[in-house]
Amino acid sequence: MEYTGSQYIGEFVDGRMEGEAEYILPTETKYVGEMKDGMFHGQGTLYFPSGSRYDAIWEKGLVVKGTYTFSDGLQYDAENWHYCDSYDRRFYTEICYGLKPAGISQLTNVDPPRKIPPGCYDCGDGFYNPTTRIVKDYKNHFLRNADDDEHEWIIRTCRKGWDETMGPKPKP
């Protein structure tokens with residue numbers, strides 16, 4: 001634990017983490033559930049700092065079956081995922097609480113939307129800086145380095161921290 005910065009609260013069998021336990025990673029992600037031979041094994045839940053969670057059945061450290069729930073209660077469904085797509089552009093908060101009056105747009109699921117730092121993008125779990133290719137959470141803690149696929153997706157689809165003029169420019 002001292003080398004990884006993780007914390008373990010639970011039982012040991014023959015010097016290995018085993019039984020009901022709580023395992024806290026240095027990113028503040030927390031696993032609560034069953035362990036066997038030092039691995040997630042059985043029923044367990046990952047709790048993320050963002051407030052989201054992943055409930056799963058684990059086998060030797062690998063997920064057998066699981067359900068991801070966002071911090072606002074929306075559950076991800078891999079087979080029937082139509083959230084905020086071309087079929088239904090509403091955010092989850094709009095689905096739950098209704099649309100705003102005509103002329104008042106909701107830009108994100110969080111209303112009012114977060115202020116994006118200049119030159120960055122809001123990629124859903126934090127801000128992305130395309131120059132450094134680093135995603136930091138909304139509290140400015142490092143989350144990950146973006147690979148080429150994620151970089152392209154963010155540039156193409158995510159909200160920018162600056163305004164751009166669209167369409168023809170007005171004549172002077």
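The protein has 2 helices and 11 strands in its secondary structure. With a radius of gyration of 20 Å, well over the 16 Å that the globule rule gives for 172 residues, the protein is more spread out than a compact globule. The model is predicted. Its chain is divided into domain 1 (7–69) and domain 2 (114–160).

**Overall layout**

- Read from the N terminus, the elements follow the order β-β-β-β-β-β-α-β-β-β-β-α-β.
- The centres of domain 1 and domain 2, taken over C-alpha atoms, are separated by 28 Å.
- Along the principal axes, the C-alpha atoms fill a box of roughly 80 × 35 × 25 Å.
- Of the 172 residues, 24% are buried.
- The accessible surface is about 12400 Å². Carbon and sulfur atoms account for 53% of that surface.
- Among contacts with a separation of 6 or more, 13% join residues 24 or more positions apart.

**Nonpolar cores**

- In soluble globular proteins, nonpolar side chains tend to be buried together.
- The largest nonpolar core here has 11 residues.
- A second core is separate and has 7 residues. Tyr128, Val135, Ala146 and Ile154 are among them.

**The five-stranded sheet**

- Strands of a sheet pair through backbone hydrogen bonds, either parallel or antiparallel.
- In this protein, 5 strands form an open sheet in the order S10-S9-S8-S7-S11, with antiparallel pairing.
- Strand S10 (142–145) and strand S11 stand at the edges. Each has a single partner strand, so one side of each is left without a neighbour in the sheet.
- Inside the order, strand S8 (residues 127–129) pairs with strand S9 (residues 134–136) over 3 bridges, in the antiparallel sense.
- Asparagine 129 has isoleucine 134, in S9, as its bridge partner.

**Lysine 160**

- Lysine 160 is located in strand S11 (residues 159–160).
- Lysine 160 has a relative accessible area of 29%, so it counts as partly exposed.
- Apart from neighbours within four places in sequence, lysine 160 contacts Ile116, Cys120 and Tyr121.
- Leucine 74 is 86 residues from lysine 160 along the chain, and their C-alpha atoms are 24 Å apart.

- Most residues other than glycine have a negative phi, and most peptide bonds are trans.
- The peptide bond from aspartate 111 to proline 112 is cis, with omega near 5°. Proline 112 sits in the loop between helix H1 (92–97) and strand S7 (121–122).
- Glutamate 28 is not a glycine, yet it has a positive phi of about 75°. Glutamate 28 belongs to the loop between S2 and S3. Its relative accessible area is 60%, so glutamate 28 is exposed.
- Aspartate 37, also a residue other than glycine, has a positive phi near 55°. The loop between S3 and S4 holds aspartate 37. With a relative accessible area of 37%, aspartate 37 is partly exposed.

Note on methods. Residues are numbered from 1 along each chain as its sequence is written. This is a predicted model: local features need pLDDT of at least 70, side-chain atom pairs count only at pLDDT 80 or more; totals for chains, interfaces and linings use all residues. Side-chain values use heavy atoms; hydrogens and water are left out. A nonpolar core is a set of buried Ala, Val, Leu, Ile, Met, Phe, Trp, Tyr and Cys residues joined through side-chain atoms within 4.5 Å. Buried means under 20% relative accessible area, exposed over 50%, partly exposed in between (1.4 Å probe, protein chains only). Helices (H or I, at least four residues) and strands (E, at least two) are DSSP runs, numbered from the N terminus. Contact means heavy atoms within 4.5 Å. Domain bounds come from an automatic or database domain assignment. The radius of gyration is taken over C-alpha atoms; the globule rule is 2.2 Å times the number of residues to the power 0.38. Accessible areas come from the Shrake-Rupley method with a 1.4 Å probe; for residues, only the protein chains shown count as cover. Two strands pair if DSSP finds at least two bridges between them.
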